[in-house]
Structure formats: C-alpha cells, structure tokens
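Q: I have this model open and would like to go through how its parts pack together. Can you take me through it, beginning with the helices?

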Amino acid sequence: MIRIGIDVGGTNTDAAMITPDGVLASCKIYTTGDIMSGVRTALSRLLEISGQPASAVSAVMIGTTHFTNAVVQRRDLAPTAAIRLGLPASACLPPMTDWPTDLRDAIAGRGYMIAGGNEFDGREIAPLDETALRGIAAQLRAQGVGSVAVSSIFSPVNAEMEHRAEAILNAEMPGVHVTKSHEIGRIGLLERENASILNACLRDLSRTVITAFRDALAQSGIQGAMYLTQNDGTLMDAGFAERFPVMTFASGPTNSMRGAAFLSGVADAIVVDVGGTTSDAGLLRGGLPRQAGIAVEVGGVRTNFRMPDVFSVGLGGGSIIRQAEGGITVGPDSVGYRLADEGMVFGGATLTTTDIMVAAGGASLGDRSRVADLPPALVRDARRAITALLEQCVERARISADMLPVLVVGGGSILVDHETLAGLPVMKPAHFAVANAVGAAIAQVSGETDRVYSLATVSRDAAMADARKGAMDMAIAAGAAPDGLEVIDIEEIPLAYLPGNATRIRIKVIGDLHV
C-alpha cells in the first residue's frame, strides 16, 4: 500500500510518500497564500520524484493548522448558538462565560439554558423542555444562525437528550449544523461545551476546506481515500473531519513526533520540531507523544481535548533577527512562507535566522555572498541566542534525569548544528525535514470513551466492556478496520465524592486504516 502524508504549515507544505519498505520520496515547498495550490504542487512534485502513477496511491493523510489558525486569528467563523440542557442545575455559569470577548463577538455568540440533563449515573435531572427548545430554534432561524452546539450535563453517560434536541433542531431549522457535546469532549461540562461551540463555529469552514482538499487530490489524479490527522496522532476520514474540525487542533506537533520516532527507530526521546515560525518540543514515550495532564486553551478558550504536552517558542527558519540596546533578539515574529522573497540570502532585505546560519557556514542555501559582510560579532551573538532558545525547549520538555536523545526534525532544523543540546546527544534522522508528513502517513486510527459508571448497579466487567465497545465504535466511525483494534490505554478512577460506588472509566483503542 502506498500512502502520501502532507503537512500544511505556516511556512512550508511538506509531502512524503510511504511504502511498507519506508520513505519512497519526499518534497518540501513554500506554503501558498491560498493553501490549496500548494497542496496540488506538492502532490504533483511527489508523483514526479517517485515515478509512481497517481492510481497507485491508496490513501492521502493531511495535517493542517487551518482550523486552529481560524480560531486564533478570529476569522472565517460562523455565527453560532450554544444551548445547554441542564436547568435547574448549572445556572450560575452560562455558556461562553470565560470566553475572550473578541472571539465571542467573532461568532456572534448566543447562549441559552433550558431544562434537561442527567446525573452521573444517567438519571434525569429534569425532562427536556422541548417547548423552550422549539422557541429558541424559531429565534435562531429568524436570525439566520446555521450552527448550534448542544451540551447536556453528563451526556457522555447518557446522550439521549442531545440526540432528541438534535432531532428537534433539524425539524425546526432545516439545514442547521448541530454539534453534540458527547461526541466531542470528555466528562467536564464547561470544557466539553467550549469544545463543542468551537466545533460548531468551524463547520462551514470545514466543508469549504475539505472540499478544496478533495479537489486538489482529484486534480492530481489521485483516487485513494483521504484522511486528516487529529490531535492525538491518529487519523479520521474526510467525512468525519468535516463534522469534527476541532479534532485537528495541535495535530502538527503530534505528526512530527510520531514521524521522528518512525524515522529514527527511537521510541523514547525528546523531539524538537523546528519549523519556519516556531520550534515545538515534546517527549516521546513508547513512540507516542506524552499527553498534557491539564486542560488546554485554544485561542483563549479552555477545552479538554487530547493534546500532546508540547512547549513552543517563537524560533524558526524565518525568525527575524534584530539588534537592540540590550543585545540581539530572535523572533518571535517571522517572515514565514515569504522567506524565499524576504530573506537576505534570497535577495531580500530582512535578516533572518537562516541568513545567520548561512553566514556562519552552518547551512548552504541561497547566495552566501549576500551575507558575507555581516559583522562577526552579530553572527556570533545571534547564534548564541538561537542556541539558548533551543536549549530552553529541551529543558522544558525534559521531565527526568534520563539521558534521552534529542531528535531534531523540521525544515528549520538547519538552525541546529550541535552535537548536544542541554547536555543531551542530538540526532537528525533521515528525511528529518519532512518528519511531520511522514508522521501523517504512518498514522493509525483511534477511538476513546470517557464515562462515569455506578458500580452499585452494574458490574465492573460490564462497565469495562461497555466503555471498550464505545471506544471501538468511535474508532470504526473514524475509519479504522474493525479487525485488529487494540486497547492501548485504560484509566479507572473511583469517585469517592459521588454515591453508588461511582467510577470514571476512560478507554482508548487504536487500529489500522480500513482501506
């Protein structure tokens, strides 16, 4: 089976073709302003380099920051309403209470609370107020709102009310996009609700982006299946991604870490991914990124996504170098994909980290004569500043005294020409520049459930079996082959503050693509 992995970054679009024997071909081009033409160019170049016909490609895996950037930059977001099913409980904190004002304004955020919801063991708090819901639907229809997030208290335990609310909204508002919170997040209500609202406001954009990706593949003659990478390093098919665009958040660093493990054959390491704008460092354990243990904020909004524990600094191949009274500053601003036009070695007038490395002899690209007159002291001090930022990355990702190798990957890794960083040995595996695309190409498919069970009414074995089935159903819905699914993580936490011997069970499964 031939797979193509593509990672669309802020500076470069990387592509790699993978066979069961390893990396067959790879390429790197500058990301284009419209994103999609760059994807088409990368696919065409990859097919040309490899000599493979487009018909031989069975699947294409794409990692993109498109949706994250839309939230961070407050652009291309649809007007969205949040409806919480939970009264008389949960009235003290309405939806979007802790959101940044500019983001709430960007989605014309509307929050509603009506009766409904369940206890942790599935019992009703109150019946769903269908009359109130229909009244809200009439208001939203009149206002032209086409995206709605529905969140019910403890819906991961009992999702019946969210399903009923969706049916009513679809009947009252034909064509509406409804995001149900139990399909998005974990147990915590506010974080799960926030994630659902973010997903809802991205639904129009996701349809546009996924369609454009499909068109790019079709124009390249590729008829294989298309998948997008999600934030835990696994895949979801294009239809699933269109419904759940928030699942792509933070997929870039995860792809790089998985790709670094695959290319180096090292399962335990610190990975530093140096791009054009930022450097991301994280810890690999058993070939998988270490997951963050705390809630993660996206665009200023607290969520409970499965996110890798990654530390980022504004250092990349396009970072701008400045001289100030206090010394040399590196970034955090970058010329990004304009490096080929604005970098000094390429004929531009902006001094970047790439220019410094070429002047120092640590890299060979562009026209070195254009930086030959840089003062030696400037080059020396800039390199020291670059090294200090890299070592800061490594130290933040390191959680023990173990002498783990530092795997350096990414297109901006020309900034690293050291044998050690923070006292740890440095390795650059083959194809290190496109590790993110390789990570996308080798990814598997996962599913996860997170539920609270009352072991006073159901046996532990039955609860485990139910959670396992839910995780497997999620994985199959995302594109996994039913055969060969494997449980890779089980978390069982007794909740002493709840009655009925309550226990929270989280199970994650992973499997190969169904191609």
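Q: How do helix 1 and helix 7 cross, and how far apart are their axes?

A: In this predicted model, the axes of helix 1 (residues 36-50) and helix 7 come within 9 Å and cross at roughly 30°, so helix 1 is roughly parallel to helix 7. Angles under 35 degrees count as roughly parallel, over 145 as roughly antiparallel, 65 to 115 as roughly perpendicular and the rest as oblique. The axes are lines fitted to C-alpha atoms, for helices over the stretch in contact, with angles running from 0 to 180 degrees between N-to-C directions; helices (H or I, at least four residues) and strands (E, at least two) are DSSP runs, numbered from the N terminus.

Q: What about the numbering and confidence limits?

A: Residues are numbered from 1 along each chain as its sequence is written, and because the model is predicted, local features need pLDDT of at least 70 and side-chain atom pairs count only at pLDDT 80 or more, while totals for chains, interfaces and linings use all residues. Side-chain values use heavy atoms, with hydrogens and water left out.

Q: Back to that pair, which residues of helix 1 and helix 7 make the contact?

A: Met 36, Val 39, Arg 40 and Leu 43 of helix 1 meet Val 209, Ala 212, Phe 213, Ala 216, Leu 217 and Gln 219 of helix 7, where contact means heavy atoms within 4.5 Å. By class there are 8 nonpolar, 1 polar and 1 charged residues in the contact of helix 1 with helix 7; Ala, Val, Leu, Ile, Met, Phe, Trp, Tyr, Cys and Pro count as nonpolar, Asp, Glu, Lys and Arg as charged, and the others, Gly among them, as polar.

Q: And which residues touch the most other members of the largest nonpolar core?

A: Those are Ile 4, Ile 6, Leu 202, Ile 222 and Phe 249, out of 80 residues in that core. Helix 7 (residues 203-219) gives the most to this core, with 7 residues. A nonpolar core here is a set of buried Ala, Val, Leu, Ile, Met, Phe, Trp, Tyr and Cys residues joined through side-chain atoms within 4.5 Å, and buried means under 20% relative accessible area, with exposed over 50% and partly exposed in between (1.4 Å probe, protein chains only).

Q: What does Ile 222 touch?

A: Not counting residues up to four places away in sequence, Ile 222 touches Ile 4, Leu 43, Leu 47, Ala 54, Val 57, Val 60 and Leu 217. There is also a second, separate core of 38 residues, which includes Ile 270, Ala 385, Val 394 and Leu 421.

Q: Switching to helix 9 and helix 13, at what angle do they pack?

A: Helix 9 (residues 251-264) and helix 13 (residues 435-442) pack at an angle of about 85°, their axes 7 Å apart, and are therefore roughly perpendicular to each other. Asn 255, Ser 256, Arg 258, Gly 259, Ala 260, Phe 262 and Leu 263 in helix 9 meet Ala 435, Asn 436, Val 438, Gly 439, Ala 440 and Ile 442 in helix 13. The residues of this contact of helix 9 with helix 13 divide into 7 nonpolar, 5 polar and 1 charged.

Q: Is helix 13 mostly covered or mostly exposed?

A: Helix 13 is mostly covered, with 8 of its 8 residues buried.

Q: How do helix 4 and helix 5 cross?

A: The axes of helix 4 (residues 130-143) and helix 5 (residues 160-172) come within 10 Å and cross at roughly 40°, which makes helix 4 oblique to helix 5. Glu 130, Leu 133, Arg 134, Ala 137 and Arg 141 of helix 4 make the contact with Arg 164, Ala 165, Ile 168, Leu 169 and Glu 172 of helix 5. That contact of helix 4 with helix 5 has 5 nonpolar, no polar and 5 charged residues.

Q: Now the backbone: which residues does a cis peptide bond join?

A: A cis peptide bond joins Leu 87 and Pro 88, with omega about 10°, and Pro 88 is in the loop between strand 5 (80-87) and helix 3 (101-106). Met 96 is also placed in the loop between strand 5 and helix 3, and its phi is near 65°, a positive value in a residue other than glycine. Most residues other than glycine have a negative phi, and most peptide bonds are trans.

Q: Is Met 96 buried or exposed?

A: Met 96 counts as buried, because its relative accessibility is 4%. His 431 has a phi near 60°, likewise a positive value in a residue other than glycine, and counts as partly exposed at 34% relative accessibility.
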